[in-house]
Amino acid sequence: MAKTSLIKTKKENRIHYGSKAFDVFLILFMGLLSLIFLYPFLNVVAVSLSSNQMISTGQVTFFPRDIIFDGYEMLFAEQDIWGAYRNTVIIAIGYTAVNLVCTSLLAYTLMIPDFVLKKFLTVSLLITMFFGGGTVPTYLLVKNLGLMNSWWSLILPNAVGAYNVFVYRSFYKGIAPEIREAARIDGASDFKILSQIYVPLSKALYATFGLFSVVQIWNSYYDALLYVNDQSKQPIQMILRKIVFQKGTDSMGNTAQMLGDGVMNKLNVQYACVVAAMLPILVIYPFVQKYFAQGMQVGAVKG
Amino acid sequence: MKSDKTKTAFDIAKPVKKSFFHQLSKQRQLVLMALPAILLVFIFKYIPIYGILIAFKDYKASAGVWGSEWLDPIWSNFARFFKNVNSWNIIWNTLKVGAVTLFFTFPLPVVFALLLNELKGKFYKGAVQTISYIPHFLSVVVICSMLNGFGSTTGFFNDIREFLGMARVDMNAGSTYFLWNYVGSAVWQGVGWGSIIYLAALSNVDTTLYDVANIDGANRFQKIMNIDWPTIRPTATIVLIMNVGTVLNADFTKILLMQNDTNRSQLDTISTFVYQKGVVEGQFAYSTASNLLLSVVCFILVFSANMITRKLDPENSLW
């Protein structure tokens, strides 16, 4: 008996040491991963502020070298960045408002067990999760409705999504139905029940999905590429796309001259614009990240 | 009794079955509430589905969808797609991009979640988690701008190449580095965010299971494989089925940005082809036909993925 117990202790010890080693490895490995997640951001900011000589000799890593602000000066002088910010904010607010209001109203009605259209509407929504008209039919529709070059073309087509409606409905279902019964007996209309009871009780839901939709609009360029040709109406991502991917556009005439002088690297302006496009989201991220994580779970568990 | 009408708007307890329209008029407030969303869904989701008809028609904008003549033979646009010299290349690209992406972006969040769950130290764990979500919030234009800059001869990727003793090359030209850039950035963006649902599932593990495993002398790896992995398997199965359905819907907004004059035809996938033919060249009917082919294949894929799951793992299938 003594022998076996000895062996067992040895084995336990081995497991113990192996486990410790694994812990240390994990700590280092996760540290390395975090660095990989963060490095591109640091590098972009560093390069946007460094001189051409440092960039072209590959000496810029974490921190800017030979700091110059020419990239940013050029960007704000040549492009209407503030105008693009304004456009994006208006589109994001409009989209989020339409999205939250329409989704809430529909989700509430679908939660009511004896609503006559419940089944029909649920199935109709489910179908849109699997079938869609695709790029061209939607494009032609927007065109025929006369929404080209209007911000409505970026707001209305995707304002109501089936997935969101179902998540909202699940969330509302989590609110005790007795509250609704009681309010109804007191003579409250359904609209009043939704706006004065359900909405205030669903703050977490609205925080999450409101933020999701703002980020979604902030980051999208494709709809604007399709529907908004008017430069003065375009969102920020379209400006970035123009600067980085449309080579030889006359809009950057001065920049080309500067580049010829060798003062600036083309990456100065490009990365300055990358920073301008992602900064607002990154600034609010620390404040809202816990809601995002919660919201993902609401969607995953209940959706 | 005067306000009776509003109060009993949807009394379930009514034994007498009223006609549909009678009920509808009683529930008119609910109908009114649902109406804005119904209109949006009908106009922007259902009218385009009807618009798919133009795939079978000689579409004239002046005549509209219904007024345009049917094609003769009716499948000409589909035949044309397959006769296109480049079409098999396009189909191959679509499959390749989708499959390689799925191969990396599906399992890595699972592994990341399992490892993160093993990490000691609550603060450190939270910090790693928070940092890992950040890339998710970058737009596709920002990602592609970064790739474009990093891959340029003076960029970060080439700094690494030089460090490893390789020559500096323009990684944005041609299609040699496309797949690495595309998949690598997708993993970088998605691994943290994708792990959230698995971590949520893992936080619900019954901790007594670990105690029992400890008594049995299980090591870390055995505990992960026998306790943690079974916990997240149902979630992983559903995520996999959903991902298989989107395997052909490679993020074409990203590919559109990564295409340039040196690699456009080599990088074409069905979705970029649909955009190029339809929106850029105005060949609406042909583009819609290609898009329809894609949708049908995607639908078949989700369906078969679910069928296979139902055979192998009946409890976790989607339907």
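1. Starting with how chain A folds back on itself: of its contacts between residues at least 6 apart in sequence, 75% join residues at least 24 apart. Here, two residues are in contact when their C-beta atoms, placed from the backbone, lie within 7 Å.

2. A word on ground rules. This is a predicted model, in which local features need pLDDT of at least 70 and side-chain atom pairs count only at pLDDT 80 or more, while totals for chains, interfaces and linings use all residues. Residues are numbered from 1 along each chain as its sequence is written, with chains lettered from A and ligands numbered from 1 in the order in which they are written.

3. On confidence, pLDDT is the predictor's own score for each residue, from 0 to 100. Chain A averages 82, and 85% of its residues score at least 70.

4. Of the 303 residues in chain A, 39% are buried, i.e. 20 or more other C-beta atoms, placed from the backbone, lie within 10 Å of the residue's own.

5. Chain A splits into domain 1 (2-56) and domain 2 (74-296), with bounds from an automatic or database domain assignment. Seven residues of domain 1 of chain A are in contact with ten of domain 2 of chain A. On the domain 1 side, helix 1 (2-48) and helix 2 (52-56) of chain A each give two or more residues, and helix 1 of chain A has the largest share, four residues.

6. Now the chain pair: 77 residues of chain A are in contact with 68 of chain B. Helix 15 (residues 266-302) of chain A gives the most to chain A's side, with 14 residues. That side divides into 50 nonpolar, 23 polar and four charged residues. (Nonpolar is Ala, Val, Leu, Ile, Met, Phe, Trp, Tyr, Cys and Pro; charged is Asp, Glu, Lys and Arg; the others, Gly among them, are polar.)

7. In chain B, have a look at helix 5 (residues 76-83) and helix 18 (residues 284-312), which pack at about 80 degrees with their axes 9 Å apart. That makes helix 5 of chain B roughly perpendicular to helix 18 of chain B, a label for angles of 65 to 115 degrees. Axes are lines fitted to C-alpha atoms, for helices over the stretch in contact, and angles run from 0 to 180 degrees between N-to-C directions. Residues making the contact include Phe78(B) and Phe81(B) of helix 5 of chain B and Tyr286(B) and Leu293(B) of helix 18 of chain B.

Technical notes. Parallel < 35°, antiparallel > 145°, perpendicular 65-115°, else oblique. Buried ≥ 20, exposed ≤ 12 C-beta atoms within 10 Å, placed from the backbone.
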